[in-house]
Amino acid sequence: MSGRLPTQTYHEIDEERIDFEYLRNKLKLKQLEAKKSLSEKYPHVEKFLLEKGIELGKIREHSANVLGAGALTGALLLSPPMGTKSLPPPHEIIEKIKIAQAAQITPPQEILVATLTDHLPEKTRPLSRDEEKYLERVFNEIMGVPARATLEGEHLNTTYGIIGAEQHLRRYPGDTIGSHKPYLKEGMAPGLGAWGYFAKSKTELTFDLEEKEKWYAVVQTLYLPDWSRRQPHLKNWYKYRKVMIVNTKNGNAVIAAISDSGPAAWTGKHFGGSPEVMEYLGGPKYKKGPVIVFFVDDPENKVPLGPVEYNKVSLAGIPIERI
Amino acid sequence: MSKLYYDHLIVLDEVEAVIKRAARSQEEKEELWKVVDETLHHRVMGKVLDKLPREHHEEFLDKFHASPHDENLLTYLQEKIGENVEELIRQEIGNLAYELLQDLKKKK
């Protein structure tokens, strides 16, 4: 026994890249098998869902529509959401922040963590517009970053979710892991980011593009309800769009550029971060955790990518990693 | 957000790693993600209905249709089935992962 879990047989799968067509056929066969089995065993399920105008295979789209409609009407969830906390009027918390800042007793990061702990649900979920507006004001007041949940009418499917560690992206043809120091152990993603190479060649890689790969974010554009319908506008709009990612556990925040689409919904994660982003958010061992992701309203491109250094003081017991 | 009531029970990291290695573009990756996702929904629904007494099927489907994201569905299923539903779903997803990876291993 090698000590591997039964499902870790992927170690034994050819180290070479599996042929895409082969993998697709295998997965498709499994999909058809599962669909056929359910339909034969429980024909009333298919009938029921068809009458409702949905397919089980597309249930995520339906879920996005249900949640989207709930958020718009303020109802958020059809049943009472778990972990709902009441929000104090924004002016109250802003006043509190101003007093604490004036007294210079409590570091801003500590104020932010306390505010997030008090007002966010323990488990991640889509936030209501009121909750998002509230956080926009808090971020602006404490960090001075014009962060927006909705920008130019665009909104992610969720702004409060789980981020996972991603690998480096190839910036130009021939790019190697050795040129992504100091974070080498994360490796290079086998494929390209959703927008392809950052530059056509090494000589065309500017400092700005280098920074975009270094501080990149991954968001689930593929699950946006209108993603396919509003092309190419949405693809262009999201390309390198600046977002602020806030670790809700320690208040560390980073400005990143959206450079890839994902992760798959079934990974349980909602966002991804480059090795540099993850290091700053939670330190070298940080692989996954709850975050807030808002767009940055920066039409004049004045907000730089990288750490939001609104506080130089470490919270007791929570290291603030510096790169 | 495209949340489902059993999302937190899904562990398919190994399948994800294989897909990442195989896909040559974002489009290919997303296509494979969707195929796995759809398979998963059919398998989980099948397992749930296998255990749920027939007289509750329509009621469950109604609730699922109204709020597919709602984790209270697990509580509902737990009450009607009387078994650890989370564990049942977890096992079914584990079985699917194992089958997929075994299939791919056979290629060697």
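This is a predicted model: local features need pLDDT of at least 70, side-chain atom pairs count only at pLDDT 80 or more; totals for chains, interfaces and linings use all residues.
In chain B, residues 24 or more positions apart account for 67% of the contacts with a separation of 6 or more. The C-alpha trace of chain B spans about 45 × 30 × 20 Å along its principal axes. Of its 108 residues, 62% count as buried.

B:R90 and B:E87 are joined by a salt bridge through their side chains, at 3.4 Å from N to O. Helix α5 of chain B, residues 85-105, holds both B:R90 and B:E87, which sit three residues apart, about one turn of the helix. B:R90 counts as partly exposed, with a relative accessibility of 36%, and B:E87 likewise counts as partly exposed, at 34%. Elsewhere, a network of salt bridges with shared partners links A:E21, A:R24, B:R24, B:E28 and B:E31.

Attention now turns to the contact between the two chains. Chain A contributes 69 residues to this contact and chain B contributes 66 residues. The area buried between chain A and chain B comes to about 6,700 Å², and carbon and sulfur atoms give 63% of this area. On the side of chain A, the residues A:F20, A:R60 and A:W266 supply 13% of the area buried against chain B, more than any other three residues.

Charged and polar pairs also feature between the chains. There are 11 salt bridges between chain A and chain B. In one salt bridge, A:K235 meets B:E27, with the closest N and O atoms 3.8 Å apart. The interface of chain A and chain B also has 15 residue pairs in polar contact, with both residues at pLDDT 80 or more. In terms of secondary structure, at least two residues of the side of chain A that touches chain B come from each of α1 (20-41), α2 (43-51), α3 (59-73) and β7 (253-261) of chain A. The largest share of that side, 14 residues, belongs to α1(A). Sorted by class, the side of chain A that touches chain B comprises 32 nonpolar, 17 polar and 20 charged residues.

Over all chains, the whole structure contains 37 salt bridges. Side chains of opposite charge can pair when their charged atoms come close. Because A:E40 and A:K36 are four residues apart in helix α1 of chain A, about one helical turn separates them. Both A:E40 and A:K36 are exposed.

A:E136 forms a salt bridge with A:K133, and their closest N and O atoms are 3.8 Å apart. Helix α6 of chain A (residues 129-143) carries both A:E136 and A:K133, three residues apart, or about one turn of the helix. A:E136 has a relative accessible area of 10% and is therefore buried, the limit being under 20%. A:K133, at 52%, is exposed, because the limit for that class is over 50%.

Another lysine of chain A sits outside the helices and strands. A:K185 lies in the loop between β4 (160-165) and α7 (207-214) of chain A. With a relative accessible area of 65%, A:K185 is exposed. The side chains of A:K185 and A:E186 are joined by a polar contact of 3.2 Å. A:K185 and A:H168 are 17 residues apart in sequence, with a C-alpha to C-alpha distance of 9.9 Å in space.

In soluble globular proteins, nonpolar side chains tend to be buried together. The largest nonpolar core here has 66 residues, of which A:F139, A:M143, A:Y238, A:M244 and A:I245 touch the most other members. Another core, of 53 residues, lies apart from it and includes A:L27, B:L40, B:F60 and B:L104. Leaving out residues up to four places away in sequence, A:Y238 touches A:E154, A:H155, A:L156, A:W195, A:V219, A:T221, A:L224, A:W227, A:I258 and A:F295.

Definitions and conventions: Residues are numbered from 1 along each chain as its sequence is written. Chains are lettered from A and ligands numbered from 1 in the order in which they are written. Side-chain values use heavy atoms; hydrogens and water are left out. A nonpolar core is a set of buried Ala, Val, Leu, Ile, Met, Phe, Trp, Tyr and Cys residues joined through side-chain atoms within 4.5 Å. Buried means under 20% relative accessible area, exposed over 50%, partly exposed in between (1.4 Å probe, protein chains only). Contact means heavy atoms within 4.5 Å. Buried area is the accessible area (1.4 Å probe) that two parts lose on being put together, summed over both. A salt bridge is a side-chain nitrogen of Lys or Arg within 4 Å of a carboxyl oxygen of Asp or Glu. A polar contact is a pair of N or O atoms within 3.5 Å; within protein, one must be able to donate a hydrogen and the other to accept it, and residues adjacent in sequence count only if both atoms are side-chain atoms. Ala, Val, Leu, Ile, Met, Phe, Trp, Tyr, Cys and Pro count as nonpolar, Asp, Glu, Lys and Arg as charged, and the others, Gly among them, as polar.
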